[in-house]
Amino acid sequence: MGSKTIGDATNDTGKDTETEVSNKESGRVLNPEHTEGKNKKERVEQTHEQVNDDIMHHPDLVNPLDDTRIDVKSGFTKDSQRLKSDKHEFEYDAVVLGAGPAGEAAAMKLAKSGKKVVVIDPREQVGGNCTHVGTIPSKALRQSVFNLINFRRDQMFTKAMDYHQVPLNIVLAKARKVILQQVQTHTRFYERNQIEVIHGWANFIDKNTIRIEIDENTFETITFNKAIITVGSRPYRPDILDFDHPRVFDSDKILQMDYVVKKIIIYGAGVIGCEYASIFTGLGYKVDLINNQNQLLSYLDSEISDAIAHDFRQFGVVIRSNEEIDHLETHDDCVILHLKSGKKIKSDAILWSNGRSGNTEGLNLECLGLKANSRGQLKVDDTYCTEVENIYAAGDVIGWPSLASAAYDQGRCAAAFMVGDRDAEPVSSVPTGIYTIPEISCIGKTEQELTDAKVPYEVGQAFFKHLARAQIIGERSGVLKILFHRETLEILGIHCYGNHASEIIHIGQAVMKCNATLEYFVNTTFNYPTMAEAYRVAALNGLNRVF
Ligand SMILES: Cc1cc2nc3c(=O)[nH]c(=O)nc-3n(C[C@H](O)[C@H](O)[C@H](O)COP(=O)(O)OP(=O)(O)OC[C@H]3O[C@@H](n4cnc5c(N)ncnc54)[C@H](O)[C@@H]3O)c2cc1C
Ligand SMILES: NC(=O)c1ccc[n+]([C@@H]2O[C@H](COP(=O)([O-])OP(=O)(O)OC[C@H]3O[C@@H](n4cnc5c(N)ncnc54)[C@H](O)[C@@H]3O)[C@@H](O)[C@H]2O)c1
């Protein structure tokens with residue numbers, strides 16, 4: 001990954017005097033190497049060299065899209081510091097490494113449980129990769145493209161307007177606004193809960209001490225009773241690609257694309273690859289989607305996987321299945337992808353979207369006796385505790401399911417275990433929500449899984465094109481499938497393809513959670529016309545098959 005350069009804005013703590021004072025008052029110790037005399041200076045420089053080496057492995061943080069800085073005011077004053085409730089000799093009850101959804105949820109739970117907690121994140125603003133480069137910008141971008149597609153479809157507008165391409169950075173204007181709003185919202189959460197936030201890179205010195213690199217010359221050490229690692233993940237970058245080349249992108253860098261392309265290669269047909277295939281075709285780009293498997297998103301219900309592949313092709317995406325990169329040629333005006341099968345694909349740019357790696361390299365985990373796996377992920381038990389008893393981990397850094405939705409719940413649960421809540425439960429069931437155009441969402445078992453397990457199931461389905469609401473809002477494709485046990489009518493899986501699928505699924509999720517049967521949907525009156533009516537239609541369709 002790229003290195004953090006001198007003057008990189010991510011090093012600027014930009015703290016105001018109030019925060020500085022409260023930091024001192026909160027008892028954090030400035031690194032003696034930094035504050036002591038000249039003899040120590042050489043040692044400082046040496047240490048700094050080593051740290052710089054570590055930083056080479058840190059993710060190349062993409063700065064907030066908006067230049068507006070938002071400082072978190074910790075809310076700490078001399079008299080309002082949280083009282084330490086645990087019996088230990090450390091400065092903090094808990095330290096949280098990373099201010100993404102997992103870190104935020106952990107910090108909130110710890111603070112609400114009366115713990116003195118500090119959050120460390122090198123980014124100038126809270127929200128994590130989720131807010132700055134992941135979920136939020138990609139979903140805001142998708143919404144803008146979705147609006148654009150609907151606008152173009154509407155004959156009232158297309159007659160009056162010539163078709164022209166819209167550059168990505170213009171479409172991103174809305175995303176910038178959403179990011180700013182999100183940062184403001186989350187900043188207030190930290191402030192209101194009096195949680196101290198330090199902007200810097202954290203790494204361990206031992207199991208109760210962390211060093212924070214605040215800027216090029218300032219290090220601090222803090223001591224803590226318990227820690228939670230929520231440092232998230234970054235795009236996996238193989239050595240064979242030069243990500244400094246202006247035509248080579250990953251999902252972080254793509255948000256800075258400032259030129260218009262006609263054609264783009266997306267390498268990797270996972271969730272990110274498929275979501276961006278929708279975004280780019282919506283913008284009028286020609287897309288080559290390279291899949292190293294024979295089916296798109298093969299863990300989905302196979303009818304839904306076929307449906308998205310069919311719709312992609314209709315939009316002009318060329319899906320190339322069972323292919324693998326051999327090498328990439330880069331030129332000033334194009335890239336040429338050479339595949340192991342001998343095919344060559346020429347395009348204006350490439351988006352590499354083939355997995356992510358946990359941000360564990362710079363943490364000095366060796367000093368704790370912890371080792372991440374080959375994807376930089378940490379192993380935890382059912383309480384989110386690592387192999388070191390006072391060190392916990394949650395979110396993308398522990399691997400499954402690598403979703404913002406789950407990261408938040410995992411962070412909160414981990415903190416609940418840290419404070420000894422008896423009713424804490426680990427996250428085990430997570431819906432899938434894929435924001436392609438149209439969306440895909442599902443929960444529970446697939447037909448394949450039920451068939452393999454020899455469960456006597458039946459299917460009920462509702463096609464969106466028959467629903468009044470869908471006709472009113474102009475939805476052309478979409479289906480809701482309910483899989484249920486043909487004897488007990490227990491709901492076993494729900495699969496939805498179509499716009500609003502990620503919202504629609506939650507009705508079924510709630511019903512499944514209450515252990516209600518398929519009959520719930522026929523004995524309950526739904527608002528009309530709504531997309532939710534699909535449940536009634538699908539349930540009746542399914543019941544008609546039972547004999
Ligand atoms: C393009 C894209 C789209 C996505 N869309 C969705 C979606 O629609 N729905 C969904 O549920 N999920 C989605 N995800 C996944 C989601 O963004 C992640 O699962 C989520 O961000 C994980 O949260 P986290 O708290 O574990 O970490 P992150 O959000 O990754 O945050 C970790 C934080 O830790 C900080 N950090 C790193 N190293 C250190 C260190 N040494 N010291 C201190 N702090 C450190 C980082 O700067 C970062 O701010 C998407 C991801 C991508 C890339
Ligand atoms: N709507 C959503 O929920 C959403 C949207 C975008 C991204 N995400 C999350 O982001 C993550 C990344 O998505 P993606 O599409 O890039 O990839 P992916 O996780 O779907 O994997 C794509 C391919 O890369 C491989 N891979 C994954 N990590 C690797 C690594 N470190 N080294 C080598 N190979 C690796 C996988 O085995 C797979 O073949 C996913 O976990 C996904 O859950 C979620």
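## Around ligand 1

Sorted by class, the shell around ligand 1 holds 18 nonpolar, 18 polar and 4 charged residues. Here Ala, Val, Leu, Ile, Met, Phe, Trp, Tyr, Cys and Pro are nonpolar, Asp, Glu, Lys and Arg are charged, and the others, Gly among them, are polar. This is a predicted model, so local features need pLDDT of at least 70 and side-chain atom pairs count only at pLDDT 80 or more, while totals for chains, interfaces and linings use all residues. Residues are numbered from 1 along each chain as its sequence is written, with chains lettered from A and ligands numbered from 1 in the order in which they are written.

Which residues come nearest to ligand 1? Of the 40 around it, they are G98, G100, G128, G232 and G395; a residue counts as near if its C-beta atom, placed from the backbone, lies within 6 Å of the molecule. The elements giving two or more residues to this shell are α4 (101-112), α5 (128-132), α6, β5 (201-206) and α12. Helices (H or I, at least four residues) and strands (E, at least two) are DSSP runs, numbered from the N terminus.

## Two annotated residues

The "binding site" annotation in the unreviewed UniProt entry takes in K139 and D396. Such positions follow the numbering used here, feature names are shortened, and annotations may be inferred rather than shown by experiment. K139 sits in helix α6 (residues 135-153), whereas D396 is in the loop between β18 (391-393) and α12 (404-418).

Are they buried or exposed? K139 is partly exposed because it has 16 C-beta neighbours inside 10 Å, and D396 is buried because 32 other C-beta atoms lie within 10 Å. The cut-offs are 20 or more other C-beta atoms within 10 Å for buried, 12 or fewer for exposed, and partly exposed in between, with C-beta atoms placed from the backbone. Leaving out residues up to four places away in sequence, D396 touches G232, S233, R356, G358, S402 and A407; contact means C-beta atoms, placed from the backbone, within 7 Å.

## Strand β16 and the chain

In strand β16 (residues 349-352), A349 and L351 point one way, I350 and W352 the other, and all are buried. Side chains in a regular strand alternate between the two faces of the sheet.

β16 runs parallel to strand β10 (residues 263-267), joined by 4 bridges, with I264 partnering A349. Strand β9 (residues 248-249) also pairs with β16 in the parallel sense, over 2 bridges, and F249 partners L351. Pairing needs at least two DSSP bridges.

Overall, the protein chain has 17 helices and 23 strands, and 46% of its 547 residues count as buried.

Notes: Two residues are in contact if their C-beta atoms, placed from the backbone, lie within 7 Å.
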